Each structure stands twice: as structure tokens, then as C-alpha cells.
Amino acid sequence: MTIQNQKSKTSPSLLDLSTVELEKMVAGFGQPAYRARQIENWLYQRYVVDVSKMTTLPQSLRQNLATAICLNPLTEQFTIRSSDKQTIKTLFILPDGEEIETVLMRYDKRQTLCLSTQVGCGMDCPFCATGQMGFRRNLSAGEIVAQVLHYARFLEREQKQVTNLVLMGMGEPLANYRQTWQAIRRLNEPTAFNLGARHITISTVGLVPAIRRLINEPEQIGLAVSLHAPTDKLRNQLVPLNRRYPLAMLMKTIHDYVTTTRRRVTFEYALMDGFNDNLTQADQLVELVQGLQCHVNLIPLNPTPNSPWRGSPDERVEAFCDRLTTANIPTTVRLRRGVDIAAGCGQLRHRQEGIVG
Ligand code: SAH
């Protein structure tokens, strides 16, 4: 049976529906509520988004669903792999023609997926390829979840699973709080994708009110904060939102987050040649984060064509890292993964438009 999917553009997809909404929909087709759970099982545990393959459902229901609602909001445009095959990146087209990227990073035992939460980003960080694009729109919960299901299907062929999710692709997840959180719930729920909250990390530029909101969420997901600079003067240039929520306010909020949730926070710090990578700045960073249960991730900047900054050379990265480690700040230098496939945030889309390489 080939089912034509007639619903288009920006209307919600099947993956946007909560269990209750799904039950209502199947009830509208004269079907009992348990059909909703069957559909969820197909979608989130067997990764089947094509209703024609949901063989436990009656034909009539399959046909009804396919004509009533968009089944999968993502169309794979193309996928590229790094030369070592450990980083894989897909560019997807959304029903309204917008594009997003998702990256899979493979490690020995982990398969980490980097998800987009918006098309573009409104945070305007000048060193970031997505920031340079500007904001286009929020993703729906279903569009976020669909990225995971796509790669879950891909990995299933190798008897592997998505083990970790980082919301570090295009967009500022906390600026799209409602849809992002709905997606996280779906991905975490035992009756849906069933991935432990501790395997999910949200990365933010430092939206203080949203971090406060996060403190009260029951799910124990991880928090990463993109710091990039130890002083307001420097951070104002890299993260414009710092003018609204300066470091003192941000750090106070993070202290409250750590104290209340008893969870460690991760700081992201992109090292830029001659800009934020000297040892005085390392000492300032130590002072800023000392006493906080945290981990610092140092990432040599992935240069983007429209910004003046370049990544720090290895010896400066090492010296910066040593300074933090000596001060007992747990620090990791993150590998520059997927540089050969423009795996940095928003870079594939740029490349496709001919801006890079
Ligand atoms: N908006 C969120 C999540 C998306 S970006 C945030 O800012 O945290 C994910 C991480 O990649 C952030 O730490 C961001 O600052 C960093 N990043 C963006 N562009 C980069 C680049 N060109 N090189 C290195 N890191 C970059």
C-alpha cells in the first residue's frame, strides 16, 4: 500500500502530538485509545514513521492518519561523513522549505547526537555560523524529535542506539523553551523514546530566566553554558546577550541551579587566537568558576568566514588547559570533530550556499 501524505507546510506532524492528542485523533476515526499507544510504540520504540508499515493498525486507520496529518516533517537533503567516518552530518529540509542540520558523533561506546532546536538563531554571537544567519523560526517538538528518530533508524541497521543527546546544533534551545521541553519529555518518557534524562544535555548562551525555569523541571537533564569569556567586557563582544544578563547575574543563577539540583554544570569555552586565550584570562576564568561544581570544555574555535577570529594554536590550548587543571578545575579539551565536513554549528548550511569551501 502506498499512502500519499497530503498534509503540508507548517501544520503539526504526527510527532507533534501528545498521547492525549493522539488518542483524540484516533477516537475521531472511531478507534479505541489503545491505538494511540500502538502508534507511539511504532514511532518511538521501533522508529517507524511511515504509517503504511504500522502493521498492527487497521488499514482504514493507516489511511486516515496518512491523509489527516504529516507523518515525518524531515526530508533528508544530504548526508556527509568525516574522513574518519566518526562524524556524520545530515542537512534536512522542513515542510516549509527551511533547512536544519543534525550531527552524529560516534565514540567507542557512545553515539551522541547534536540536535537543532531553531532554524537560525537570534542570539547574534558573531563567531557562530548559525548566529550569522539570524533567526528564522522555532522548530516544533516533532521536528526536534524527528532528528533523533532519523538517526535511531540509521544506527539500528548496525545494532546500535542513540546513547546521548546534546542540544547544541542550530538555535538557542532555551529561547524555544516550550517546544524543546516537549521534545525532551517525549525523548525521555519510558513509553516513548525512553532515553535517560542524564543522557540529555541542553546548551545555552545564558538566558537567565529560562535557566531559572529549568531549575524547577522534574527531569534531571544536563546543563551546558556557553561562557567563552571571563569578563563582561570581552563576553559582550562574543555573546551579545551578556549585555542583558551579565556574568554576575548569570553566575548567581548557575550557583542556584547547582545548589538546588545538585547537578554539575558544564562551561563551554571556545578558544580564539589572541582574544580570550591568554593565561591572565585563564586565571580570571578560574576565579569565576571556582567553588562551583562544574566542568570546563575548551574548544579551539572552528573559524567561520564572516568573523575575524581564528582557533587558538595547540600549545596555547594546552597552556590554558594546564592553568585550569592546576587550579583544580576539571577541564577537557574537546576534539575538533568533523572539521572536514563543516560540522560546526550552522556550517553545513553555509557551505551548501557556497559561503564556505
Ligand atoms: N545556542 C546554544 C547552543 C548552540 S551552539 C549555545 O550557545 O550554547 C553550541 C556550542 O557551539 C556553543 O557553545 C557555541 O558557542 C559553540 N560554537 C558556535 N560556533 C562555534 C565555532 N565556530 N567554533 C566553536 N564553537 C562554536
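This is a predicted model: local features need pLDDT of at least 70, side-chain atom pairs count only at pLDDT 80 or more; totals for chains, interfaces and linings use all residues.
Local features need pLDDT of at least 70 and side-chain atom pairs count only at pLDDT 80 or more, whereas totals for chains, interfaces and linings use all residues. Residues are numbered from 1 along each chain as its sequence is written, and side-chain values use heavy atoms, with hydrogens and water left out.

In the interface, 10 residues of domain 1 contact 17 residues of domain 2 (heavy atoms within 4.5 Å). About 1,100 Å² is buried between the domains, 52% of it on carbon and sulfur atoms. Buried area is the accessible area (1.4 Å probe) lost by two parts on being put together, summed over both. The side of domain 1 that touches domain 2 comprises six nonpolar, two polar and two charged residues. Here Ala, Val, Leu, Ile, Met, Phe, Trp, Tyr, Cys and Pro count as nonpolar, Asp, Glu, Lys and Arg as charged, and the others, Gly among them, as polar.

The ligand is surrounded by 16 residues (a heavy atom within 4 Å). The closest are G171, S203, S226, H228 and N302. The shell divides into six nonpolar, eight polar and two charged residues. A polar backbone atom of G171 lies 3.0 Å from a ligand nitrogen. On its own, the ligand has 530 Å² of accessible area, of which the protein covers 92% (Shrake-Rupley method, 1.4 Å probe).

Terms used: A polar contact is a pair of N or O atoms within 3.5 Å; within protein, one must be able to donate a hydrogen and the other to accept it, and residues adjacent in sequence count only if both atoms are side-chain atoms.
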